[in-house]
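The sequence and the structure come first.

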Amino acid sequence: MERNSTKLVTKLISSYKSPSNIALVKYWGKKNKGIQLPANASISFTLSDLCATTIVEAMPCEEVLKEPSFMFQLNDLPKASFEPKIKAFLKRIWDNYSFLKSHRLLIRSSNNFPHGAGIASSAAGFSALALCMVDLQEQFSGTPLIDSKREASRISRLGSGSACRSMFSEPGVWGKTKDIEEACDEYAVPMTGMHESFKSWKDIVLIVDASEKSVSSTEGHQQLNNNIYAESRYLSAKKSLDLVLDALKKHNLPAFIHTVESEALQLHAMMMVSPMHYILMEPNTLAIIQKIWAFREETHLPLCFTLDAGANVHLLYDGREEDKIINFVENEVLPLCSQKQYFCSDLGGEPIKLNDIEK
Ligand code: PMV
């Protein structure tokens, strides 16, 4: 991707809308070598209806820049607290993205769910930003990449690891695993062969706590370095991935439900047994889990919970049983949510490139 020296330096623009994702098998812990390489392989569904839209305008400048130059706005307002992560990301791609040396960036991002609602937005945000970066470099060099999505997945990982899985409508698999030959640590690949029945599954994000997490994921990953249970966790994650892949292919619901819930609890267990021992679940996180277990026991409906690195509960369920499940949520679960807030999403959307008219 070399800069064409005869090319006029012009303003470039790119915009993408990308979904967030929720992991079934969790990425928790990084390899000690390399940049943002996962200690274990993970798999996630994208959340089609919980998205970030990012527009990057690249303004040409006279001088050759020595480091990335950018301004960042979230919902049309500067957001200084996001700048260090974006700067680190741009520095990591600096050597291969030559347009960055001759353009100053205005990055404008917005989420279609309220910021501060406790839904992780970095996966959606870095997925969209990475796709814009690839597009801008292609426009600048005049040479399309053979696999731009793969490249976007690779570089989005350098901003936020889990972002690399927000690229496909199929479940995204990130990390080397014997089950999928092309899977690797550098970028995510789509899982093939998922049973049709999972295509109707959905997610309801139940907001227990809408405030910023007290311990960031960056810190959480680091805590694995001195966690005496880390190696056992990585072995267990390996088994979970085998089980989830198999369950997704064969529509083995008991195995799917058991493994997904176990993964959520293992993630939080690792926090509790880490050197700094912390808890991100809240009393109502547990109360909701117990409600879900009791409801499943009683109705045998296809549903399970999972958790991100926070207090909110993701209720995954087969959308074909939506009425009964929404009824349960509204009557029994919402009283346990902060301001009765929840967000529904289909699973399995992929990023969309936006035309000028939509920006
Ligand atoms: O991508 P990060 O660094 O924010 O880490 C995400 C970690 C989890 O969301 C807890 C799990 C996952 O695999 O998405």
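Two strands are taken to pair if DSSP finds at least two bridges between them. The model is predicted. In it, β9 and strand β10 (residues 313–318) are joined by 5 bridges in the antiparallel sense. Within this pair, Leu303 is opposite Tyr317 of β10.

**The sheet**

β9 and β10 belong to an open sheet of 4 strands, ordered β9-β10-β8-β11 and paired in antiparallel fashion. Its edge strands, each pairing on one side only, are β9 (303–307) and β11 (342–346). From one strand to the next the twist averages 25 degrees.

| Helix | Strands it lies across | Angle |
|---|---|---|
| α6 (residues 253–272) | β8 (201–206), β9, β10 | about 20 degrees to β9 |
| α8 (residues 322–333) | β8, β10, β11 | about 155 degrees to β10 |

**Helix packing**

Two packed helices are described by the angle between their axes and the distance between the axes. For α1 and α2, the axes come within 12 Å and the crossing angle is roughly 35 degrees. This crossing of α1 and α2 is right-handed. On the α1 side, the contact is made by Lys85, Ile86, Phe89, Leu90 and Ile93, and on the α2 side by Ser122, Phe126, Leu129, Ala130 and Met133.

Helix α3 (residues 148–159) has 12 residues, so at 1.5 Å a residue it should span 16 Å; the C-alpha atoms at its ends are 17 Å apart, in agreement with that value. Which residues of α3 are buried? They are Glu151, Ala152, Ser153, Ile155, Ser156, Arg157, Leu158 and Gly159.

**A loop residue**

Asn40 sits in the loop between β1 (12–25) and β2 (42–60). Is Asn40 buried or exposed? A residue counts as buried under 20% relative accessible area. Asn40 has a relative accessible area of 6%, and is therefore buried. Its side chain reaches the backbone oxygen of Lys26 at 3.0 Å. Leaving aside residues up to four places away in sequence, Asn40 touches Lys26, Tyr27, Trp28, Trp174, Arg233, Tyr234 and Ala237.

Key: Residues are numbered from 1 along each chain as its sequence is written. This is a predicted model: local features need pLDDT of at least 70, side-chain atom pairs count only at pLDDT 80 or more; totals for chains, interfaces and linings use all residues. Side-chain values use heavy atoms; hydrogens and water are left out. Helices (H or I, at least four residues) and strands (E, at least two) are DSSP runs, numbered from the N terminus. The expected span of a helix is 1.5 Å times one less than its number of residues. Buried means under 20% relative accessible area, exposed over 50%, partly exposed in between (1.4 Å probe, protein chains only). A polar contact is a pair of N or O atoms within 3.5 Å; within protein, one must be able to donate a hydrogen and the other to accept it, and residues adjacent in sequence count only if both atoms are side-chain atoms. Contact means heavy atoms within 4.5 Å. Axes are lines fitted to C-alpha atoms, for helices over the stretch in contact, and angles run from 0 to 180 degrees between N-to-C directions. A crossing is left-handed if the near helix is turned anticlockwise from the far one by less than a right angle, and right-handed if clockwise.
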